[in-house]
Amino acid sequence: MSNQLTQIAFLGLGVMGFPMAGFLQQKGFHVTVYNRTKAKAAQWVSQYGGAAADTPAAAVQDASIVFMCVGNDDDVRSVVYGETGVLAQLHPGSILVDHTTASAELARELAQACARQGVGFLDAPVSGGQAGAEKGVLTVMVGGEPEVFAQAEAAIQSYARCVKFLGPAGSGQLAKMVNQICIAGVVQGLAEALNFAKNAGLDGAAVVEVISQGAASSWQMQNRSLSMLDGKFDFGFAVDWMRKDLSIALNEARKNGSALPLTALVDQFYAEVQQMGGNRWDTSSLIKRLTR
C-alpha cells in the first residue's frame, strides 16, 4: 500500500504529537488530526496540510492506522471510549497505535477492546523527548501482535531512529518503565557529580569535557551537563511527566516483586523539585535541590 493511499489519524498534538504527525504528512501519508484544543489542530493543518476533525471518532472514520499521543491512562480512555471515541468509528482491519506512556494494564485492556471489534492494537511508547520528536529520531518500544506490527512499522518509522518489537500487549509500556528507571538514576548521579565538582572548586565544564570521553559518559552528560551547570532547565521533558512515569514503574514493581529503592528515592527528590516550583522544569533540574 502506498503512503498516498494510507489514511492516518493522529490524536494528541502536544510537544511530541505535533511534530510526529507532521512527519507522517511529510512522508506522503494523508493525515487527519484531532486535538482537545482546536486551535492547535488548526495550527498543525496550516503548517503541514492534511485535515482536522472535531472529535476522535470523526478523525478515525476513514483511517487505516490511528496514532494516539496524549497524557495518561485516563486521557487515553477518554479518547478511545464513548460515543465520540475512537472505537465508535474505527473499522475492522484497522490498527490503533498508542504512543502515550501509560500502564501495561491499560495496554492489555485496549488490546482486548480492539480485538472485540477486529481492530489491531500496539502499545508503542517513545523515548527521545521533544528534541527527538522534532528531529524524527525517536526510539519506539512496541508491544502487540507481530502481524499487526508488520503492517504499522513503516508508518512508525516516519519519526523514529529505532523501532523495536518486544512481545505481547503491554511489552512496550514495560520497556518504557525500564527506560525511565535508568534515566532517573543517571540524572541523580550526574546532579551529585556536578555539584561535587563545583564544591571542590573545579571547573565543571572542563571536568565534563574529560570524563565524558570515558566510562562515566551518558546521553544526559553529553546533552544536559552544561545547562545543569548554568541552572537552565527548560529543555523538554517536565518533572510532572517524569513523576507520572515513575509512579507507573513503581506500581508495576510492586506487582512483579522488583526492588526499586533508587527509583523511589529519586521520585521523592523530584517531589522536592515540584515543591520548589519546578513542575515544568526538565528532569535535569534534580541538581537544583542540591544547590539551594
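Of the 292 residues in this protein, 49% count as buried. Keep in mind as you look around that this is a predicted model. The secondary structure comes to 12 helices and nine strands. Here is a short tour, from the whole chain down to single residues.

**Overall form**

- A compact globule with 292 residues would have a radius of gyration near 19 Å, and the value of 20 Å for this protein agrees with that.
- Along the principal axes, the C-alpha atoms fill a box of roughly 65 × 45 × 35 Å.
- The protein exposes about 13200 Å², and carbon and sulfur atoms supply 52% of that area.
- Among contacts between residues at least 6 apart in sequence, 66% join residues at least 24 apart.

**Helix α1 and its surroundings**

- Helix α1 covers residues 17-26, and nine of its 10 residues are buried, so the helix is largely enclosed by the rest of the structure.
- The buried residues of α1 are Gly17, Phe18, Pro19, Met20, Ala21, Gly22, Phe23, Leu24 and Gln25.
- After α1 comes Gly28, which has a positive phi, near 105°.

**How α1 meets α2**

- Two packed helices are described by the angle between their axes and the distance between the axes.
- For α1 and α2 (residues 38-48), the axes come within 10 Å and cross at roughly 35°.
- The crossing of α1 past α2 is right-handed.
- On the α1 side, the contact is made by Phe18, Pro19, Ala21, Gly22, Gln25 and Gln26.
- On the α2 side, Lys40, Gln43, Trp44, Gln47 and Tyr48 take part.
- Sorted by class, this contact has five nonpolar, five polar and one charged residues.

**Met68, in a strand**

- Met68 sits in strand β4, which spans residues 65-68.
- With a relative accessible area of 0%, Met68 is buried, because buried means under 20%.
- Leaving out residues up to four places away in sequence, Met68 touches Leu11, Val76, Val79, Val80, Leu96, Val97, Asp98, His99 and Thr100.
- Met68 and Asp282 are 214 residues apart along the chain, and their C-alpha atoms are separated by 23 Å.

**Ser227, in a helix**

- Ser227 has its place in helix α10, made of residues 219-229.
- Ser227 is buried too, with a relative accessible area of 11%.
- Its contacts, not counting residues up to four places away in sequence, are with Lys232 and Phe235.

Terms used. Residues numbered from 1 in each chain as written. Predicted model: local features only at pLDDT ≥ 70, side-chain atom pairs only at ≥ 80, totals over all residues. Heavy atoms only, no water. Axes fitted to C-alpha atoms, helices over the stretch in contact; angles between N-to-C directions. Helix = DSSP H or I, 4+ residues; strand = E, 2+ residues; numbered from the N terminus. Left-handed = near helix turned anticlockwise from the far one by under 90°. Contact = heavy atoms within 4.5 Å. Nonpolar A, V, L, I, M, F, W, Y, C, P; charged D, E, K, R; others polar. Buried < 20%, exposed > 50% of the residue type's maximum accessible area, 1.4 Å probe, protein only. Rg over C-alpha atoms; globule rule 2.2 N^0.38 Å. Areas by Shrake-Rupley, 256 points an atom, 1.4 Å probe, with all protein chains shown as cover.
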